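Have a look at the sequence and structure first.

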Protein chains: 2
Amino acid sequence: MSCKELMKVLGLGAVAFVLGVEWLNWLKRRLRDSRGPLKEVLFFPSPQVCVEHLFIRHKHFPCACPLPHGVETSFSRLLVHLLSARVSLDLCVFSFSHMELSRAILLLHKQGVVVRVVTDRDYMTITGSQIGALRKAGICVRHEMSSAVHMHHKFALVDSRKLITGSLNWTLTAVQSNKENVMVTEEPELVGPYQQEFQKLWEANDPANHKPQYTNGQLNIKTCKDK
Amino acid sequence: MSCKELMKVLGLGAVAFVLGVEWLNWLKRRLRDSRGPLKEVLFFPSPQVCVEHLFIRHKHFPCACPLPHGVETSFSRLLVHLLSARVSLDLCVFSFSHMELSRAILLLHKQGVVVRVVTDRDYMTITGSQIGALRKAGICVRHEMSSAVHMHHKFALVDSRKLITGSLNWTLTAVQSNKENVMVTEEPELVGPYQQEFQKLWEANDPANHKPQYTNGQLNIKTCKDK
């Protein structure tokens with residue numbers, strides 16, 4: 001074999017080798033991706049720990065509160081997922097009285113995240129409900145219009161790509177005492193239907209499409225500008 | 001090329017061809033599987049339709065009830081998934097008063113499916129609760145032992161490989177009136193943690209590990225033989 005032919009064979013061999021390695025890498029990535037997107041399951045009750053660092057990321061001094069620090073719990077994971085919102089948060093929750101969760105939603109709203117909330121008609125006015133605080137801050141909240149029906153969902157959609165759903169109402173009892181579950185997933189086949197359901201409920205409960213109702217002479221449906 | 005050499009080349013070519021086809025088929029299956037296992041989302045309320053055919057599969061005559069027939073709903077899909085159990089059904093449910101769901105569980109038990117139920121202490125005795133009927137039939141039911149805590153889960157595990165979970169309690173109001181969601185999946189990364197949680201609750205609420213408690217002079221913890 002002449003030197004020229006040898007160079008040709010070596011050149012072709014090198015090209016084939018590089019292409020082969022590239023193809024194997026592609027296959028490896030494809031097979032690894034087959035495990036799919038994020039899937040996380042959180043169980044409650046969750047022990048009480050300090051979650052201050054999740055709200056104030058650039059704090060210079062460590063928190064001085066008496067709760068355990070640097071401990072990851074189901075509740076802190078839930079907060080991390082909620083606070084990961086950058087564009088939107090669609091929340092559909094039956095009962096909402098948890099102060100830290102309310103603080104998280106208010107922080108997102110302050111940061112410019114578009115927050116929409118659909119809640120239950122009866123439970124939005126119970127003692128300790130955070131719905132009033134959200135409305136006061138300018139967050140648009142709609143509630144189930146029918147008094148005969150409960151809006152019993154407990155799910156949130158972060159940036160329309162991450163679903164947080166389960167049995168957990170957003171209350172202190174649910175987080176700290178009850179046996180509850182929350183699933184977090186970015187699986188499009190699961191996120192999609194929940195996003196559609198949220199939009200359906202959002203539109204169905206638009207106060208503009210319903211007659212105002214009065215209780216004891218007072219209007220009991222608050223309207224808000226759709227974002 | 002001699003005839004012998006030609007046969008060798010053809011033989012090796014055939015073997016290479018068959019192996020190549022097999023490998024391509026394997027790759028095709030692997031890439032198709034990357035879409036992942038069953039994922040289904042059901043929303044409620046569900047319209048009332050006849051579900052008799054799901055209970056009596058070999059019925060010769062069509063059902064004469066006045067409800068719509070041959071219509072698939074979220075509730076009929078839920079029943080289909082539950083009735084697909086062949087070996088076991090582990091159920092963790094806060095409130096259980098739905099007659100058709102009770103009928104499904106009793107049918108599975110009759111068919112030899114090992115049914116285990118964990119429920120809430122307070123809600124198992126409310127009017128219309130089906131827990132008594134399950135126990136009467138010999139199904140082993142355990143309840144949250146602490147009176148200060150609610151067992152608020154609403155999930156089921158079919159044959160330890162299919163998870164049914166969501167906001168839906170097993171009541172008529174939840175199925176026919178409320179806004180509720182149920183997710184059905186065979187994703188092992190999701191099924192696994194729920195199966196572990198069930199086992200944890202099952203063992204934690206074993207009456208054998210708890211002192212019997214009395215209310216108005218009557219023992220209020222029923223024991224049953226573990227299956």
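The contact draws on 36 residues from chain B and 36 residues from chain A, where contact means heavy atoms within 4.5 Å. Bear in mind that this is a predicted model: local features need pLDDT of at least 70, side-chain atom pairs count only at pLDDT 80 or more, and totals for chains, interfaces and linings use all residues. Residues are numbered from 1 along each chain as its sequence is written, chains are lettered from A and ligands numbered from 1 in the order in which they are written, and side-chain values use heavy atoms, with hydrogens and water left out.

**The interface**

Here are the totals for chain B and chain A.

| Item | Value |
|---|---|
| Area buried between chain B and chain A | about 3,300 Å² |
| Share of that area from carbon and sulfur atoms | 63% |
| Salt bridges across the interface | six |
| Residue pairs in polar contact (both at pLDDT 80 or more) | 18 |

Buried area is the accessible area (1.4 Å probe) that two parts lose on being put together, summed over both. A salt bridge needs a side-chain nitrogen of Lys or Arg within 4 Å of a carboxyl oxygen of Asp or Glu. A polar contact is a pair of N or O atoms within 3.5 Å; within protein, one must be able to donate a hydrogen and the other to accept it, and residues adjacent in sequence count only if both atoms are side-chain atoms.

B:Glu144 makes a salt bridge with A:Lys179, with 2.7 Å between the closest N and O atoms. On the side of chain B that touches chain A, helix 7 of chain B gives the largest share, six residues. Helices (H or I, at least four residues) and strands (E, at least two) are DSSP runs, numbered from the N terminus.

How do the copies meet? 100% of the interface residues of chain B are also interface residues in chain A, so they use the same surface.

**The sheet**

In chain A, seven strands make an open, mixed sheet in the order 1-7-6-5-2-3-4; strands pair if DSSP finds at least two bridges between them. Strand 1 (39-44) and strand 4 (140-143) of chain A each have a single partner strand, so one side of each lacks a neighbour in the sheet.

Strand 5 (residues 154-158) and strand 6 (residues 162-166) of chain A pair antiparallel over four bridges. Within that strand 6, A:Thr165 is the bridge partner of A:Phe155.
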